[in-house]
Amino acid sequence: MSGEDRWWDLRKVLKAYLAAAVWLSLIPGGLLGEAGCCAGVLDKQHLTRGPAHVHKRLKRGWIWKQLFVPEEDPTPQVIGQLKSDYDRGNFTIKYILSGEGAGEAFAIDEFTGEIRTLRKLDREEKAFYILQAEAINRLSEEPVEPQSEFIIKVQDINDNVPQFQNEPYVSSIPEMSPVGTTVAQVTATDADDPMYGNNAKLIYSILQGEPYFSVEPKTGTIMTSWPNMDREAREEYLVVVQVKDMLGLSGGYSATATVTVSLSDVNDNGPIFQHHLYAFAVAEDAAVGTTVGRIMALDGDAGINARMTYSLEDDLEESSTFIIRTDPQTQEGVLLLAKPLDYETKRRYVMAAEAVNEHVDLRFLPLDEFSDRTTLKVVVEDVDEPPVFQQQTYEWKIPESAAPGTVLGSVSARDTDIADSPIRYAIDRRSDGARAFRVDPDNGTVSVVKALDREDADWHNVTVTATETMQLHLSSSVLVFIKVLDVNDNAPRLARDYQPFICEGAQAGELVQLLSAVDPDDPSEGHHFYFSMVPEKHINPNFTIRDNQDNTAGIVARRSTFTRKDRTQYLLPVVVSDSGSPALSSTSTLTVSVCSCQPAGHCPSSGVEALALSMGVSLQTLLGLLVSLVTLAVLSVLLLMLRRHRRKQQEAMEVKELDLPETVSQKVLYYGEHSRGTRVDFCQPTIPLRQHPKRRDRKLRREEVRASIRMSLRQSHLIGPEDEVFRQFILDRLEEADHDPEVHPYDRIRIYAYEGSGSPTGSLSSLDSCELVPEPPAAVSKPCLVRLSPWYGGAEEDMVF
């Protein structure tokens, strides 16, 4: 055996020894009293660390009383004494106490070994204390007794009240439960010692709840003790249970608990109507779905057991005029109107109503007791009603070619009341704003007043009213739908404004343009259009029309020699006819343009790109030329303005040098001839100033002159200067310049056009036709000045063509 095993065996022996010592200390009757004969003790050789081989057992030298202490005793008292056999009464032995509660709850007299309490103890807080005692020699400080462990037990007293657990108690059982049905179990605990006396022995009893419930005294189980408890009679019970300790003997403690017991519902009641007859009244004009009344069958049950379904059994004369439904919230039967009522036809309805439980339980009632029946009576009240039309709507058809006065049909209404008041008819003009229809006020005949056009409106929705002529003048209305039938009264036309073109170099038989047509008419068999050319004596050598027989046609080239040099446009009349009866047709003239097409076959229709293509110039080149021309034009305008400004400054300086009067115009023309020497002829004819004409009139005359000159110049380029027309034009302009003071003089080079070489007409200047003052003698040194008074103050303008 190894040393470790021997050590564990020794520990086991020591533990067994200590357990035996503790058990002996607890034996009542003071077995471990002053005699001390039941406990072994180690001798002095063992205490003085002698040789380990000496195992001589000696008589124990410890002596103490039985150690018990009652709880909750506040008075300090001696509960026992420790005494060694070596104590001779000379106080040479010192007793020492250690362990649980030493110095706090317990103290020892170091001279006598008496153990006393220092405070009151609570067994429920701590039931026993483990302490150690030791006896030493005061002189040598050596132990005379080995350290010994002992237990002080706290004795229990009945100082705790029983307490119920898991309060409050709530329980539920079905009503009509048999006797002995377990309701609930209550449990109480007592903190006292259940092993000591009867302090913690509990017993249960009922203080409130008898004779319906009882309780098992030891377990606290509550059971029913009354048969057939009815929820409808009483739904909830309060049971008060008492618990006592000390087995219920006097002097013990007690506690109470309340148990709330509710009875859950079972279907042990059927529906019952409170009345055998229910009467209701409803007006004859009540709408379908109107609530006529409510009935209620009482059911003492609750929840799902109280749900019921109502049904009706109509009388034999009328079926399904009313229906009944169950209100899920109130469980009432709601009587509803299912069909319109007519007082004049039927004035009273009698029917049976039945209420049946949805869920039945045959354990409590037979099947026939889960339903009940009653009788319903409904009285219809008379109401003065408006007239009633024989039809809800009317629908008529009429061709759009119908003449005014054509009858469409008749509407009819009557007063269903007993009075049977006469009826008058009228058209609501808000529905017939065009006033195209009228109705006979007496017989309701509707006729056409104006001509109809289906293409404007193919449907007319007219409202006709019927009004009673007596009593309350009640009225009603009806819708009349009038469909206008189509008549072939519109000629077909091309679908859009076509702009066909043909490329230079196109081949004969090539498709130029695909045509389609539209027609506002709507024939029942559908449209069918025919395309053709205008009949002529000679066949068109350029194009032809090919009808595809599918409401389309194509323009086809007849030849392949189209060029813009020969001709740029061709006019092509196209005739479109429909298949109506009678057939209608229309003629449209299309302009076919000849284009220099791009590689993709695209032909520009207008603008710079078309002009460039017609000239055989690329678009980039043409744009460059246009930018250059605009730049030159801007520079020319700037130079012209600069020259005009300089000329005005020069003329102003010359007039200032001549010191002319202020009334003389500074815009004069100088016509001078310098002689051989320094002599200068000068004359100033006295031509009176004319009144300045109005600017508006003068502007109009100038515009006319411009237009005439432009036209003449165009012709002069064509006919030449030797032509008689050109000669006459020159003479007319000369005469006009001589006699019209509002026209500019034709004496500036820039207004002349090309006249040809060697023209016999001479100069166009108006100065040649003016009568001048005779030339003064050569001695006069001033130059001859002619003042052109008709243009005095006028603005100088350019003639642009």
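Over which residues does pLDDT stay under 50, with 89 contacts beyond four places in sequence in the model? The stretch is residues 766-801. pLDDT is the predictor's confidence in each residue, from 0 to 100. A contact means heavy atoms within 4.5 Å.

So this is a predicted model: local features need pLDDT of at least 70, side-chain atom pairs count only at pLDDT 80 or more, and totals for chains, interfaces and linings use all residues. Residues are numbered from 1 along each chain as its sequence is written, and side-chain values use heavy atoms, with hydrogens and water left out.

Confidence overall, then. The average pLDDT of the protein is 76, and 71% of the residues score at least 70. Residues 714-718 fall below 50, and that stretch has three contacts in the model beyond near neighbours in sequence. Where pLDDT is low, the predicted coordinates should not be read in detail.

Next, the disulfide. By that term I mean a pair of cysteine sulfur atoms within 2.5 Å. How many does a search of the whole structure find? One. Cys-503 is joined to Cys-597, with 1.8 Å from S to S. The link of Cys-503 and Cys-597 is left-handed, at -90° about the S-S bond. Cys-503 sits in strand β39, and Cys-597 in the loop between β45 and α3, so the pair ties together parts that are 94 residues apart in sequence. A word on the labels: helices (H or I, at least four residues) and strands (E, at least two) are DSSP runs, numbered from the N terminus. Cys-597 is partly exposed, at 23% relative accessibility. The scale is this: buried is under 20% relative accessible area, exposed is over 50%, and partly exposed is in between, with a 1.4 Å probe and protein chains only.

On to the core. A nonpolar core is a set of buried Ala, Val, Leu, Ile, Met, Phe, Trp, Tyr and Cys residues joined through side-chain atoms within 4.5 Å. The largest one has 24 residues. Among those with the most contacts inside it are Phe-389, Tyr-425 and Val-464. Elements giving two or more residues to this core include β30, β33 and β36. Which strand gives the largest share? That is β37, with four residues. Look at Tyr-425 in particular. Leaving out residues up to four places away in sequence, Tyr-425 touches, among others, Phe-389, Val-411, Val-439, Pro-441 and Thr-465.

Now some strand pairing. Two strands pair if DSSP finds at least two bridges between them. Find β10, residues 143-155. Strand β4, residues 68-70, pairs with β10 in the parallel sense over three bridges. There, Pro-70 stands opposite Gln-155. Strand β9 runs antiparallel to β10, and eight bridges join the two. Here Ile-136 stands opposite Pro-143. The hairpin of β9 and β10 has five residues between the strands, and Glu-141 takes a positive phi near 60°.

That brings us to the backbone. Most residues other than glycine have a negative phi, and most peptide bonds are trans. Here are some that differ. Asn-228 has a positive phi, near 55°. Asn-228 lies in the loop between β17 and β18. Arg-435 also has a positive phi near 55°. Arg-435 is in the loop between β33 and β34, and is partly exposed at 40%. Which bonds are cis? One goes from Glu-167 to Pro-168, with omega near -5°. Pro-168 is in the loop between β11 and β12. Another joins Ser-581 and Pro-582, with omega about 0°. Pro-582 is in the loop between β44 and β45.

Last, the aromatic rings. Rings of Phe, Tyr and Trp (its six-membered ring) pair if their centres lie within 6.5 Å; planes under 30 degrees apart count as stacked, over 60 as edge-to-face and the rest as tilted. The count comes to 13 aromatic pairs. Phe-91 and Phe-111 are edge-to-face, 5.8 Å centre to centre and 85° between the planes. Phe-91 is partly exposed at 48%, and Phe-111 is partly exposed at 35%. The rings of Phe-106 and Tyr-129 are 5.2 Å apart at their centres with planes at 75°, so that pair is edge-to-face. Phe-106 is in β7 and Tyr-129 in β9. Phe-106 is buried at 0%, and Tyr-129 is buried at 7%. Finally, Tyr-212, Phe-213, Trp-226 and Tyr-237 form one aromatic cluster.
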